[in-house]
Amino acid sequence: HEAAAGNHVAIVRLLLGYGASLERHAQGTVTPLWIASQENALESAQLLLNAKADVLARHENASCLYIASQMGHVDMIAKLIEHGANPSDGSLHAALH
C-alpha cells in the first residue's frame, strides 16, 4: 500500500514479482489500486492494472474512480476508465456534488 501510494514503481514491481496480493485490504479495506488512485500514483496504478487489480474496488462504497474524481486526478480517471471503470456507475456524478 505504501509503495503504491508513494508511486515507488520499482518496489511495486518487485512486490508483484514476488506474488504480493493485488486485493489485500489494509487500512480498513483500502486496496493498493484504491490508494494509488487517491494519491494519483499513475505509474503504480498502471502496474497494478496490468497485473489485473480490481478496477471496481471500493472503500466505504467509494470506487477508485470516485476517489480519483474527488481528488481532481484527470489522468488517473482516464486510466481507470481505460481499464474498465464504469463512468456511468454514479462515481463521477457523486464526485461532482
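Contact means heavy atoms within 4.5 Å. The model is predicted: local features need pLDDT of at least 70, side-chain atom pairs count only at pLDDT 80 or more, and totals for chains, interfaces and linings use all residues. Residues are numbered from 1 along each chain as its sequence is written, and side-chain values use heavy atoms, with hydrogens and water left out.

View 1. Helices (H or I, at least four residues) and strands (E, at least two) are DSSP runs numbered from the N terminus. Their order from the N terminus is α-α-α-α-β-β-α-α-α. Of the contacts with a separation of 6 or more, 69% join residues 24 or more positions apart. Of the 97 residues, 39% are buried (under 20% relative accessible area, 1.4 Å probe, protein chains only).

**View 2. Helix α5 (residues 64-71) against helix α6 (residues 74-82).** The two axes, lines fitted to C-alpha atoms over the stretch in contact, with angles from 0 to 180 degrees between N-to-C directions, come within 8 Å and cross at roughly 160°. The helices are therefore roughly antiparallel (over 145 degrees). Cys64, Leu65, Ala68 and Ser69 of α5 touch Met76, Ile77, Leu80 and Ile81 of α6. Seven of these residues are nonpolar, one is polar and none is charged (nonpolar: Ala, Val, Leu, Ile, Met, Phe, Trp, Tyr, Cys and Pro; charged: Asp, Glu, Lys and Arg; polar: the others, Gly among them).

**View 3. Helix α4 (residues 42-50) against α6.** Here the axes come within 11 Å and cross at roughly 5°, which means that α4 is roughly parallel to α6 (under 35 degrees). Leu42, Ala45, Gln46 and Leu49 of α4 meet Asp75, Met76, Lys79 and Leu80 of α6. This contact has five nonpolar, one polar and two charged residues.

Conventions
Parallel < 35°, antiparallel > 145°, perpendicular 65-115°, else oblique. Buried < 20%, exposed > 50% of the residue type's maximum accessible area, 1.4 Å probe, protein only.
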